[in-house]
Amino acid sequence: MAKVFFPDHLMQLTAGVRELEVRAESFRDLVAKLEQLYPGISKVLIGKVAVAIDGDIIHDPFLDPVGPDSEVYFLHRIEGG
Amino acid sequence: MQSFAYAAPETVQQALDVLAEHQGAGRRVQVMAGGTDLMVQMRLIDGSPRTIVDIKKLAETNRLDIGAKEIYIGAAIPGAVLTASKPLVACLPGLVEAVDLIGSSQIQGRASLGGNLCNASPAGDTISALVASAGVCVIASKGGQREMPVESFVVGVGKNALKPGEFLLGIKFQRPAKGTADAYLRFIPRTEMDIAVAGAGVSVTLDANGTCTAARVAIAAVAPTVIAVPAAADALIGSKLDAAALDKAGKACSAAASPISDKRGTADYRRTVVGVLCRRATAIAAGRAKETR
Amino acid sequence: MSEARDYKVIGTRVIRPDGVDKVTGRANFGADFSLPGMLYGKVLRSPHAHARIKKIDTAAASKIEGVYAIATGADFPKVGHEEITGGEGAGDFADLATNVMARDKVVYHGHAVAAVAAISSAIADAALAAIKVEYEVLTPVMDLDAAMADNATLIDERLFTAGLPQKPTKPSNVAAYMEFKRGDIAQGFAEADVVVEGTYRTPTVHQGYIEPHACVASINQGGQATIWCCTQGHFDVRSMTSKVLGLNVADIRVIPSEIGGGFGGKTTVYLEPVAMVLSKKSGRPVKMTMTRDEVFRASGPASATKCTIKIGAKKDGTFTAMSAWLAYEAGGYKGSSMAPGAMCVFAPYVVPHFLIQGYDVLVNKPKVAAYRAPGAPQSMYACESLIDDLARQLKIDPIELRLKNAVSAGSQAAYGPKFNAIGFKECLEAAKKHPNYSAKLGPNEGRGLAAGFWFNAGMQSSAEVHINENGTVTVVEGSPDIGGSRASMALMAAEELGVPYEQVRVLVADTESAGYNNVTGGSRVTFATGMAVIQASRDIIAQCKQRAAATWGIEEELVEWQDGQAIPKPGVNADVKPLSLAQIAANSGRTGGPLLGRASLNARGPGPGFSINMADVRVDPETGKVDVLRFTAIQDAGKAIHPAYVEGQMQGGAVQGIGWALNEEYIYDAKGVMQNAGFLDYRMPVASDLPMIDTWIIEVANPSHPYGVRGVGEVPIVAPLAAVANAVRAATGIRIPDLPLSPPRILAALEAAKA
Amino acid sequence: MSKTRVETKINGEQMEFLCEPQQSMLDVLRDTLRLTGTKEGCATGDCGACSVLLDSRLICSCLMLAVESNGRQITTIEGISRGETLHPIQQKFLQHAALQCGICTPGFVVAAKALLDENPNPTEEEIRYHLAGNLCRCTGYDKIIRAVQDAAQTMRGEAS
């Protein structure tokens, strides 16, 4: 199962849960499962935050694969100058 | 509506005539030498129409004369020409240093001693050097030429003593005697391209024993105009320009300063630093004076 | 994914393809473009920092002969709230719309209130002077303390702080709060042998690009428009202009000119929508350029900040806890780079317990924009200064202290994920060995060291590779080239295809000619657009192998690509001669048509970048003036595609950081009017202020890029602020927490210490 | 407003133009003569992007009235290289990667030429002070200084 971690500013949406384990094949799949747990969260997780899957930051994740031992961190979006 | 006009007279008389004619007609007239300040003022401060009288084509404003007794520097000579003049550097190194500090190489290609003086900025780099070396303004006037010490030429922030219809032809000096030398130092936060936060021009005369027999000190950017500081000169005269004398002169400069706080520095800072500059400039001038003795 | 290999052209110092045009004056920048019948547009700007607009009277201006259009806020559509889906500091489209042209209120001195288009710029000036605006002047809110005070004047009465645990009951100037934490901060500090704390301020600073913003806009009666402009992202100009004006994206073509510097400041729009409105009203093309004064007053500087950092450590230097309280000025509209600043502040270190709190705060200054590693220089200046003091207090060498706590592969970053391969420890070890770290210092001299970090960005890029009939290569991409990226793209295409660098030419194409690309920013172009160029080149190779196979009548799998030609794989029994790219191209009509390679991607895994900078300074004890004697920049580039331009990024960022540390700042009067809106008094470093900037490139490959590339553009500006400040601390014995370390500030501190 | 007719030699070519008395040389070069290689960074003499040679003396063209050019000679960046070959300064800027965005480059090339024409063997300090009026925000000046040093060496006929 993939380990999923939420930053403080998203924990309002997860009733204070910082990390949990989810079985998912892709980011889309992962978000769908999180939506079942925390209705409404997908609106934020898709399009408003970035994600790091196994250390690789992805700006607009959706189809990206998530492995059985993956670590998934949600992040504030970073663009840069 | 008044429109812009430009005139580039070729004789002093023509220049005086243009000034008289345009001023007589109620037009705004501005004399231009290098133009490096004028162009910025027109862009940033006041772009209103005027007649610009370019005095760069006159023989009298372009003449550089290093005579046995007297030195004459035309008002419109660009800095680059003055800094390249070895005889001038030998006679008035401090003045040339001050000229060299005005802006970049590009500015040096245009900016003139006369323009820097007439612009009458409290921070004008050359003005304190001119005062220290007892420069005298040579002014073209309807009735002929008149002369006036640089010290009394600058009368306020951006104000000079020229009357309507007049313009500055050049500045003259007594050729410094043996044992006399000048120096100018300013403080800026960078190494180039800034306006002086404080400045000090010093001229000293040393006798054969190394005793200071005459001195003039002028400070910049610490009062509405560049000011001479007789108390600082007095502290130097009669001394061997030892550390105590320099310190006393520096303190006299700090005491004479009445600076403001602005984007370029605080009043306290300027007051302190002008004393430091006086000390350091005096030491440089003294070293040079010894070499010329 | 990163492949260890011997490179043929990658890593060589080739001449950039756009170079000759730039040294001869032929290259066209933003203000160099003109059209027949073009008008000159100018903006009337607010003389007040904070005021309500009561009335704008344009009647007299419209009667001036030669005036063709006048625009005010009334000519712009109302734009609803919608987040701009860029990164930090981008904000809200509704705010962008009113920043471009004020409606009911001005929120900074220089805010646009009206614009005119006239036959000459002199007439446009006269028309601006004839526009009468009535204001109700309000109290300006000019710094963080004033803005965050309980009874502060409100810049936006409808603004409620977002992100607070409890919904606020009343509006404030604090637009957003953000918190990051791990572990138990109280426990962490309790475990510490030493606790240090400091509060640091940094001023508003500007990117200082030498080219002012400029554009020409032309829209026809059918609503189709073309914009020529200098921008870091022409696709963003298109999307922003379409949102602000309610136009169809497909109707706007944006053609990027050469760009004279941006550093993050040209990632948004100021003039383009205004020029479009003026063009629409006049029916003619309109050119607009900012003066330098306008650039300072009305483009997007970087946030002033106030940061309080606290660190707890064991005697041996191990960090036990860190906390940060960070407030960033956003300007007149919300959206500072507080969030990345907060995410960066402790990024280089392993910290078991931390708490980071960030505030995004409105003040009556221009809306900030991105500036090179946006947010990081400020917060990391604070943290790296405090670490320097901690090292001194613990009597531990500053490199050793950092090494003891440094992150490496597998460490969990304070901002969340675990790092893959990174080069922070390698930078520290290199610094230890660098001769400048042991060079002798004289009286009044001091050495300072600091670390820098930036995430780097990936995001969307696309590229096409066209093979011309003689086998030469044209790369078409859509990332405006600010620092020589066309050379890097050409190097990567040449490397992949196995052709000489000189046979590859690169075009940065307009929005109708190139596939979509995100902004040139976030140090992403060499990484992400480069990845697209590599993939598009591989697409070409695949096609060439297929064409060769067809030509030879063998299976495609039996062909391989080597040194720019198709050859049969070893052992394949085919009596054929190798086919070069030129031969395949010449024959392309007979084998399926032109060779066109394409790639589009959303690049993942931009490797984080780390640096160590060392500064040696001399401080004049009588004037407080700081001279930089030596400066050393050490940075992990992953793989330097073109080392000279990597060094150039390091050197340029170092000098911007030195300027930020020593003299640059926005100086305001009591009414909120900037006093130094020009290069004369803004005081960026000039050539004579500086020594040579020594560089060491470290290469720890980024595993997520085929060549191991990491972004290099932003990291260089992060460390210099603290490196210089720590050097001043070493030279004077005094910690001066506020930037800039200008001579008056240093002298005052020296005198206070004496007293 | 009546315009003034001005005759001037620009990059060796005799030219005539009409201008208003208050127009700067920079505006006329860029807007009237379309010589856009000379750049405007500040229009107040603080950045050097508009550097040109006036009778072989280095100036900021933003600080000169266009009417003043009557009867004078002006060299802009477009006149630095003649014919098929680049000037050594231009070559060295390319070789040393002494430009990033390139907006300041024309000004630097013109200013460096003025220096090396006058002083064929300047010290690093002399180069830095001579170029202090040219702002560059991309390079930190390091590679620019090296390019000028190398160009000086080449122009002196020494192998680099």
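Over all chains of this predicted model, the count of salt bridges comes to 85. Side chains of opposite charge can pair when their charged atoms come close. Several pairs within chain C illustrate the range of sequence separations involved. R253(C) pairs with E512(C), with 4.0 Å between the closest N and O atoms. R253(C) belongs to strand β11 (residues 252-256) of chain C. E512(C) sits in the loop between β19 (504-508) and α16 (525-552) of chain C. The pair therefore ties together parts that are 259 residues apart in sequence. R253(C) is partly exposed, at a relative accessible area of 28%. E512(C) counts as exposed, at 51% relative accessibility; the cut-off for that class is over 50%.

Two further pairs lie within helices of chain C. D389(C) and R392(C) form a salt bridge, and their closest N and O atoms are 3.6 Å apart. Both residues are in helix α11 (residues 376-394) of chain C. They are three residues apart, about one turn of the helix. R392(C) is partly exposed, with a relative accessible area of 32%. The second pair joins K432(C) to E429(C), with the closest N and O atoms 3.5 Å apart. Helix α13 (residues 424-433) of chain C holds both K432(C) and E429(C). Being three residues apart, they are separated by about one helical turn. K432(C) is partly exposed at 35% relative accessibility. E429(C) is also partly exposed, at 33%.

Salt bridges also form a network that includes residues of chains B and C. The linked residues are R190(B), D194(B), K263(B), R264(B), D681(C) and R683(C).

Four pairs of chains are in contact, and chains C and D share the most contacts. Here 52 residues of chain C meet 43 residues of chain D. The buried area is about 3,900 Å². Carbon and sulfur atoms give 60% of that area. On the side of chain C, the residues that lose the most area to chain D are V23(C), I210(C) and M692(C). Together they account for 20% of what that side buries.

Polar and charged pairs also cross the interface of chain C and chain D. Four salt bridges are found there. K39(D) and D32(C) meet in a salt bridge through their side chains, at 2.4 Å from N to O. The interface of chains C and D also holds 23 residue pairs in polar contact, with both residues at pLDDT 80 or more. Three elements of chain C give two or more residues to the side that touches chain D: α1 (19-23), α19 (643-662) and α20 (679-682). The largest share, nine residues, comes from α19(C). By residue class, the side of chain C that touches chain D divides into 27 nonpolar, 18 polar and seven charged residues.

Chain A also contacts chain C. In this interface, 26 residues of chain A touch 44 residues of chain C. The area buried between chain A and chain C is about 2,800 Å², and carbon and sulfur atoms give 52% of it.

Four salt bridges cross the interface of chain A and chain C. R604(C) and D56(A) meet through their side chains in a salt bridge of 3.7 Å, N to O. Polar contact is found for 12 residue pairs across the interface of chains A and C, both residues at pLDDT 80 or more. Strands β3 (50-53), β4 (56-58) and β5 (71-75) of chain A are the elements that give two or more residues to the side touching chain C. That side of chain A divides into eight nonpolar, eight polar and 10 charged residues.

Other chain pairs do not touch. No contact joins chain A and chain B, and their closest C-alpha atoms lie 27 Å apart. Chain A and chain D do not touch either, with their nearest C-alpha atoms 14 Å apart.

Chain B contains 13 helices and 14 strands. Its radius of gyration is 19 Å, close to the 19 Å that the globule rule gives for 293 residues, so chain B is as compact as a globular protein of that length. The C-alpha trace of chain B spans about 60 × 45 × 30 Å along its principal axes. Of the 293 residues of chain B, 58% count as buried. Among contacts in chain B with a separation of 6 or more, 60% come from residues 24 or more positions apart.

Key: Residues numbered from 1 in each chain as written. Chains lettered and ligands numbered in written order. Predicted model: local features only at pLDDT ≥ 70, side-chain atom pairs only at ≥ 80, totals over all residues. Heavy atoms only, no water. Contact = heavy atoms within 4.5 Å. Buried area = accessible area lost by both parts, 1.4 Å probe. Polar contact = N/O pair within 3.5 Å; in protein donor to acceptor, adjacent residues only side chain to side chain. Helix = DSSP H or I, 4+ residues; strand = E, 2+ residues; numbered from the N terminus. Nonpolar A, V, L, I, M, F, W, Y, C, P; charged D, E, K, R; others polar. Rg over C-alpha atoms; globule rule 2.2 N^0.38 Å. Buried < 20%, exposed > 50% of the residue type's maximum accessible area, 1.4 Å probe, protein only.
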